[in-house]
Amino acid sequence: KGKGKDCRLDKDWRFNLPLKVDVDYGSAHCWFVVKQLYANTHWTLKNFWTVDQQVEDGVNMVCDYYQCHEKKVIELYDDPGGHKRDTDQKRDLDKVIGQFRKRGWQVTHKTPHNTYLPHHVKYRILEKGLYEGEGRDDRFTKAKFNINNAYETYYSCSKAPLKRSTQGEFQKDKNSEKDKNLVQWKATHLSDAFDMSYCWDN
């Protein structure tokens with residue numbers, strides 16, 4: 001989903017820098033968050049998602065919107081769940097990379113294979129990185145959101161609830177993803193996608 005036809009009027013977009021694309025796979029939806037890194041800041045530029053479509057359709061949404069992008073390089077971060085083979089014996093990861101390349105983009109896969117960052121580690125990174133008050137730890141990149149193009153990601157991140165694990169560590173409460181009465185962009189899916197490049201890069 002998106003509001004503008006393409007990226008040319010987006011003031012936070014830098015045509016000569018790679019795009020970071022975070023992908024969170026799902027059975028009914030596939031979630032894409034597009035970022036760029038500059039000025040020690042992860043800029044969340046735009047989000048997209050599919051509804052009962054193929055994962056390649058989400059890739060096409062990204063490619064269509066960024067067709068004017070000069071440096072056609074994707075830094076891809078994804079959920080290791082997409083590294084399993086589907087019913088057609090293809091991995092979602094391979095479908096995503098293949099479709100980006102078919103559309104003329106170079107792709108570097110940045111997520112370590114089959115590796116999840118522990119929830120409590122992600123919580124600590126986000127706690128440090130998203131803090132903007134006095135005494136901020138500048139070893140962590142800042143995070144900015146384009147509210148016009150990525151409001152849903154901002155909402156998902158800002159509303160994501162916390163719970164304590166059985167070990168007493170804070171982690172994200174993902175029960176909203178099971179709520180069939182909730183519009184799913186309001187659940188934690190997009191925040192999961194956002195976490196990928198932000199946490200791995202930090």
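## Exercises on side-chain pairs

E127 is partly exposed, at a relative accessible area of 39%; buried means under 20%, exposed over 50% and partly exposed in between (1.4 Å probe, protein chains only). The model is predicted: local features need pLDDT of at least 70 and side-chain atom pairs pLDDT 80 or more, while totals for chains, interfaces and linings use all residues. Residues are numbered from 1 along each chain as its sequence is written, and side-chain values use heavy atoms, leaving out hydrogens and water.

**Exercise 1.** State how E127 and R124 are placed in helix α3, and describe how their side chains meet.

*Solution.* Step 1: helix α3 covers residues 119–129, and E127 and R124 are three residues apart in this helix, so about one helical turn separates them. (Helices are DSSP runs of H or I with at least four residues; strands are runs of E with at least two, and both are numbered from the N terminus.)
Step 2: R124 is partly exposed, with 41% relative accessibility.
Step 3: the side chains form a salt bridge, 3.4 Å from N to O; the term requires a side-chain nitrogen of Lys or Arg within 4 Å of a carboxyl oxygen of Asp or Glu.

**Exercise 2.** Find which parts of the chain the D64 and R103 pair ties together.

*Solution.* Step 1: D64 and R103 form a salt bridge whose closest N and O atoms are 2.6 Å apart.
Step 2: D64 belongs to helix α1 (residues 55–65) and R103 to the loop between α2 (92–102) and β5 (106–109), so the pair ties together parts 39 residues apart in sequence.
Step 3: D64 is partly exposed at 39%, and R103 is partly exposed at 32%.

**Exercise 3.** Classify the ring pair of W31 and W49 as stacked, tilted or edge-to-face.

*Solution.* Step 1: rings of Phe, Tyr and Trp (its six-membered ring) pair if their centres lie within 6.5 Å; planes under 30 degrees apart are stacked, over 60 edge-to-face and the rest tilted. This rule gives 10 aromatic pairs.
Step 2: the centres of W31 and W49 are 5.6 Å apart and their planes stand at 35 degrees, so the pair is tilted.
Step 3: W31 is in strand β2 (residues 29–38) and W49 in strand β3 (residues 41–51), 18 residues apart.
Step 4: W31 is buried at 1% relative accessibility, and W49 is buried at 9%.

**Exercise 4.** Classify the aromatic pair of Y155 and W185 by its geometry.

*Solution.* Step 1: the centres are 5.4 Å apart, with 75 degrees between the planes.
Step 2: the pair of Y155 and W185 is edge-to-face.
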